[in-house]
Amino acid sequence: MVNKGQFVDAGMALFKIADLSVVWLIADVYEYELPAIRLGFCPSCGFISNLAFEPRLTEYSGRYEETQGFSSTFNRFHRALAERLIDRYDLRG
């Protein structure tokens, strides 16, 4: 990428942190849902998303907020988030 004594320009890649040409993904997906998934990687933000997602096929319901508590995935997420915030800001009392 860059060698000692070499001049560099703005925006020039100086080094490579990781090779992201192949990434492993662990997903909780039913086999019949696989055809509806087309993963894409955004190099500028690092997010992996489903390119086949159709927002117009999704509707939001106020009841969604009430049902998140029954999701094991959401429960793991919010517990981990709370623990990180408690540790980061020393919120134990």
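Mentor: A salt bridge is a side-chain nitrogen of Lys or Arg within 4 Å of a carboxyl oxygen of Asp or Glu. Here Arg92 forms one with Asp87, with the closest N and O atoms 2.7 Å apart. This is a predicted model, in which local features need pLDDT of at least 70 and side-chain atom pairs count only at pLDDT 80 or more, while totals for chains, interfaces and linings use all residues. Residues are numbered from 1 along each chain as its sequence is written, and side-chain values use heavy atoms, with hydrogens and water left out.

Trainee: How many salt bridges does a search of the whole structure find?

Mentor: The search finds two. In the other, the side chains of Glu54 and Arg56 meet at 3.5 Å, N to O.

Trainee: Is Arg92 buried or exposed?

Mentor: Buried means under 20% relative accessible area, exposed over 50%, and partly exposed in between (1.4 Å probe, protein chains only). Arg92 is exposed, at 59%. Arg56 is also exposed, at 66%, whereas Glu54 is partly exposed, at 35%.

Trainee: What is the phi of Asp90?

Mentor: Most residues other than glycine have a negative phi. Asp90 has a positive value, near 50°. Asp90 lies in the segment after α2 (72-88); helices (H or I, at least four residues) and strands (E, at least two) are DSSP runs, numbered from the N terminus.

Trainee: Which pattern does the protein follow along the sequence?

Mentor: The pattern is β-β-α-α. The C-alpha trace spans about 60 × 50 × 25 Å along its principal axes.
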